[in-house]
Amino acid sequence: SFTYPAYNNGWTFTANPTGEIEMNDKKYNYLFWEGSDAKFIASQNEIDGITVNADTLLNFLENGLATMGFNSKEAQDFITFWYPQMIKNEMNNIRFIFNDECNAFARINVSPKPENIYRMSMIWNQCTVENTQKLNLQKFPVIKRSGLTIIEWGGVEIDEFEFSSSSK
């Protein structure tokens, strides 16, 4: 629904070793896209995740992103985007999806092919003690940063997690 800079059937740019992106005589720190989450939400029926209280949310995000291998700038960008929205809730259910799960709802094609692509999206919803589901503690894959590496992160707030029929 929104891209910056304009997508125009694709982005053609030069990525510098510093991570800076050059396109149309302008420099960017990252590319931004926002899309419909209907397919995304429909695909989420897993029970891995965690319930996080507001008083431990910042620590959870800092530690979780560090465990995944986010550098300080990436973690700061992620936290300053999502934390102000999430801290309004007393509790949040949080589930992360990675790589292949992200590919199921949003394709990525980069040329030349990078050595590593790391995609992460956070699915979260407000919850209370009364509507909290028991979630299996989720393990995080770690970013590999050899050669050309693409890092993509995002997220979506949903009304509630949908659990598979085998979950309790």
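The questions and answers below concern these topics.

Me: On what basis are residues numbered, and which pLDDT do local features need?
Reply: Residues are numbered from 1 along each chain as its sequence is written, and side-chain values use heavy atoms, with hydrogens and water left out. This is a predicted model, in which totals for chains, interfaces and linings use all residues, side-chain atom pairs count only at pLDDT 80 or more, and local features need a pLDDT of at least 70.

Me: How many aromatic pairs does the model contain?
Reply: Rings of Phe, Tyr and Trp (its six-membered ring) pair if their centres lie within 6.5 Å; planes under 30 degrees apart count as stacked, over 60 as edge-to-face and the rest as tilted. By this rule the number of aromatic pairs is 14.

Me: Why is the pair Tyr4 and Tyr28 classed as it is?
Reply: The ring centres of Tyr4 and Tyr28 are 5.7 Å apart and the planes stand at 80°, so the class is edge-to-face. The pair links distant parts of the chain, 24 residues apart: Tyr4 in strand β1 (residues 2-4) and Tyr28 in strand β4 (residues 26-28). Helices (H or I, at least four residues) and strands (E, at least two) are DSSP runs, numbered from the N terminus. The class asked for is edge-to-face.

Me: Which parts do Phe78 and Trp153 tie together?
Reply: The rings of Phe78 and Trp153 have centres 5.0 Å apart and planes at 65°, so they too form an edge-to-face pair. The two residues are 75 residues apart in sequence, so the pair ties together helix α3 (residues 72-86), which holds Phe78, and strand β10 (residues 149-157), which holds Trp153.

Me: Is Phe78 buried or exposed?
Reply: Buried means under 20% relative accessible area, exposed over 50%, and partly exposed in between (1.4 Å probe, protein chains only). Trp153, at 28%, is partly exposed. Phe78 has a relative accessible area of 0%, and is therefore buried.

Me: How many disulfides are there?
Reply: A disulfide is a pair of cysteine sulfur atoms within 2.5 Å. Cys102 is buried at 3% relative accessible area, and Cys127 is buried at 2%. By the distance rule, the number of disulfides is zero.
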